[in-house]
Amino acid sequence: SMPPMRKLLAFIRHGNAEHNAALEQCPLSREQVLELYATRFLDARLTARGEAEARAVHRTFRALPTEQRPDLVVASPLSRAICTARLAFPERRVTLLEHLRERHGRWACERRRDARELKMEHGDLVNCNGISEQDLLWSEQRESRGAAYERARLALLWLWERPETRIACVSHSGFLTMSMFDRRSPAMECMDEELHEPWANAELRLVELWRDERTGKFRCRLVHRVVQPPVEGSCLLYTSDAADEEDRVDLGGRRV
């Protein structure tokens, strides 16, 4: 019989973005943080530091063996993920996938721009065919944990059914930590404890993915991990984006 199929997926968290940087600049109260995230940073962009972090990902991949470099690059349709993907893989067209978005709702930074605007900015360098013209997912209500788990399952199925066996996926800390690689995720079982850790800016985790043919559940193991050293003068408040954990909010690695 044929050996079971395996895929090599490069999961990457976007580089430092405007809403991450805002949490680093001065100490803020819980109320100030919530107001900031509720009223500013619509579809937050990368900072100059975030762009430099994304270019470092490009250098990382150039140093990897050819058999570990992706044949396909997909990204969340939020601007910080698109720009990270374009800078990390300048030679590749980026396919946008709604399933890879940050946990959405409530915060302006999780709301995306219309597909028409994205096409005007990026032209043929991004493939917008898989996304709706307007953002149909975002609402004033935060996406539920169950809905985010389901999105992670749909993302894995989409990746599994693609003909490419090496795929890069640019996504978000909250979604990757609390949905895709969460211990309680019904979609995937992680063989390595490290995969459950929060993600740093522009962090790369190369994982091997396969499917248990008996249960249909995905499994993965860590092949390679690259965490960029923090920039001097920065702090680690950006280890997780705005993401609800029941009734608390985890903003930049802080409980508020």
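Guide: Let us begin with a pair of helices, H3 and H4, whose axes lie 7 Å apart and which pack at an angle of about 40 degrees. Axes here are lines fitted to C-alpha atoms, for helices over the stretch in contact, and angles run from 0 to 180 degrees between N-to-C directions. Helices (H or I, at least four residues) and strands (E, at least two) are DSSP runs, numbered from the N terminus. This is a predicted model, in which local features need pLDDT of at least 70 and side-chain atom pairs count only at pLDDT 80 or more, while totals for chains, interfaces and linings use all residues. Residues are numbered from 1 along each chain as its sequence is written, and side-chain values use heavy atoms, with hydrogens and water left out.

Visitor: Why are H3 and H4 called oblique to each other?

Guide: Angles under 35 degrees count as roughly parallel, over 145 as roughly antiparallel, 65 to 115 as roughly perpendicular and the rest as oblique. The angle for H3 and H4 is about 40 degrees, and the two helices are therefore oblique to each other.

Visitor: What makes H4 and H5 roughly parallel, then?

Guide: The axes of H4 (residues 79-88) and H5 (residues 115-122) come within 12 Å and cross at roughly 25 degrees, so these helices are roughly parallel to each other. Their contact (heavy atoms within 4.5 Å) is made by Ser79, Ile82, Cys83 and Arg86 of H4 together with Leu118, Glu121 and His122 of H5.

Visitor: Why does His58 count as buried?

Guide: Buried means under 20% relative accessible area, exposed over 50%, and partly exposed in between (1.4 Å probe, protein chains only). His58 has 18% relative accessibility and therefore counts as buried. His58 is placed in helix H3, and, leaving aside its neighbours within four places in sequence, it is in contact with Leu87, Ala88, Pro90 and Glu91. In the protein chain, buried residues make up 57% of the 256 residues.
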